[in-house]
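Let's go through a few labels that get attached to a fold and ask what stands behind each of them. Have a look at the model first.

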Amino acid sequence: MSLYIGLMSGTSLDGVDGALARFSDDAIDTLAAAYVPFPPALRADLMALQAAGHNEIEREALAANQLARYYAECVQALLADASLQAQDIRAVAVHGQTIRHRPELGFTRQTNNPALLAELCGIDVIADFRSRDIAAGGQGAPLVPAFHQALFGKAGQTRVVANIGGISNISVLTDGAVTGFDTGPGNVLMDAWIARHQGKEFDQDGAWAASGQLIPGLLAAMLAEPYFALPAPKSTGRDLFHINWLDRHLAAFPGAAPADVQRTLTQLTALTLAQAIQAHGPGAQAVYVCGGGACNGVLMNELGAALGQQVALASTQALGVAPNRVEAMAFAWLGYRFTERTAGNLPSVTGAAGDRVLGALYPR
């Protein structure tokens, strides 16, 4: 059976994206897609778990139970859209919600209750995709470059896929090798800043950023963050790039207008992505963007300007895949690789000691 469901809830903490995909030796097809938003209370609970706090073991367990129910709701929406039953699906592959990512300490934590999800859906569940790579000495992230190569790679051409979620990462796809890493913040700082000042979840099409002006000194200070100069393999998350990180930099700019800060954060994401692409994919003919950042027109314009006219820039829609479906499809693919007992990681990306089968099975 070749039908798999992939579920992804990322650093933005906005909800769960789901994709129902069919895999064969020579084709990857998406049959349905769904999105289930998280309620404000769950978002707040998940945000609080990003840092140490009182009674966090119990709070994490309760949040995991809630997550499983929203994951199950997404599964049901996908089945209904495709007119399928639970028994038609080989497995649900679920990423979980990252609340800690510390590969330098030998662990990563994606909160989830896959046993409850299997009970609710009546489908095998595959979860915990990052831990095995970290156990083998890798970063455990990013895991999507192998899928990007399978879906978007083209013989004789170097392409870059840039995923702009909460955190940004790139996959450099060539005939001979695949490389990739987390470049730094994607939407995470922009989302946090607009939430603080306007109570909004994100900057729609970058409209607020467009109303501001760049603060060169602030941009330079943020670009001095040591993470950006680290060699790959590397990965990051909210453990580093969070609102307190931004506040520390803003202390030197007490009169900065909020809209100007938003414009500068947008430029930070664009510039760090462009610099990483230019350094690691200098021969790229095209850059294709997926994730929520692909819907931010100002960010896309600034990324295009930073890359220069010699590089074609488009969303993955130009390759036939909506940008908000790619990550969920990637985890469906990782579930497929698990059931085939085929490696899901790329040591050239994560730095692991070798190829590893990723995931853990929770039978229905």
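**Terms and the values behind them**

Q: Which residues of helix α9 are called buried, and by what cut-off?
A: In helix α9 (residues 243-250), they are Trp245, Leu246, His249 and Leu250. Buried means a relative accessible area under 20%, exposed over 50%, and partly exposed in between, using a 1.4 Å probe and protein chains only. Helices here are DSSP runs of H or I with at least four residues, strands are runs of E with at least two, and both are numbered from the N terminus. A word on the source: this is a predicted model, where local features need pLDDT of at least 70 and side-chain atom pairs count only at pLDDT 80 or more, while totals for chains, interfaces and linings use all residues. Residues are numbered from 1 along each chain as its sequence is written, and side-chain values use heavy atoms, leaving out hydrogens and water.

Q: What covers the buried residues of α9?
A: The cover includes α6 (188-198), α8 (216-223) and α10 (258-280). Contact means heavy atoms within 4.5 Å.

Q: Why is Ala44 called partly exposed?
A: Ala44 has a relative accessible area of 45%, so the label is partly exposed. Ala44 sits in helix α1 (residues 40-48).

Q: What makes β1 and β2 a pair?
A: Two strands pair if DSSP finds at least two bridges between them. Strand β1 (residues 3-8) and strand β2 (residues 15-24) have 6 bridges, in the antiparallel sense. Ile5, for one, has Leu20 in β2 as its bridge partner.

Q: Why are β3 and β13 called edge strands of their sheet?
A: The open sheet has 6 strands in the order β3-β2-β1-β4-β7-β13, with mixed pairing. β3 (27-37) and β13 (360-362) each have a single partner strand, so one side of each is left without a neighbour in the sheet.

Q: How do you know that β11 and β12 pair, and what is the hand of their crossover?
A: Strand β11 (residues 286-290) and strand β12 (residues 312-315) run parallel, joined by 4 bridges. The chain passes from β11 through helix α11 (residues 297-307) to β12, and this β-α-β crossover is right-handed. That word applies if, with the strands pointing away from the viewer, the path from the first strand over the helix to the second runs clockwise.
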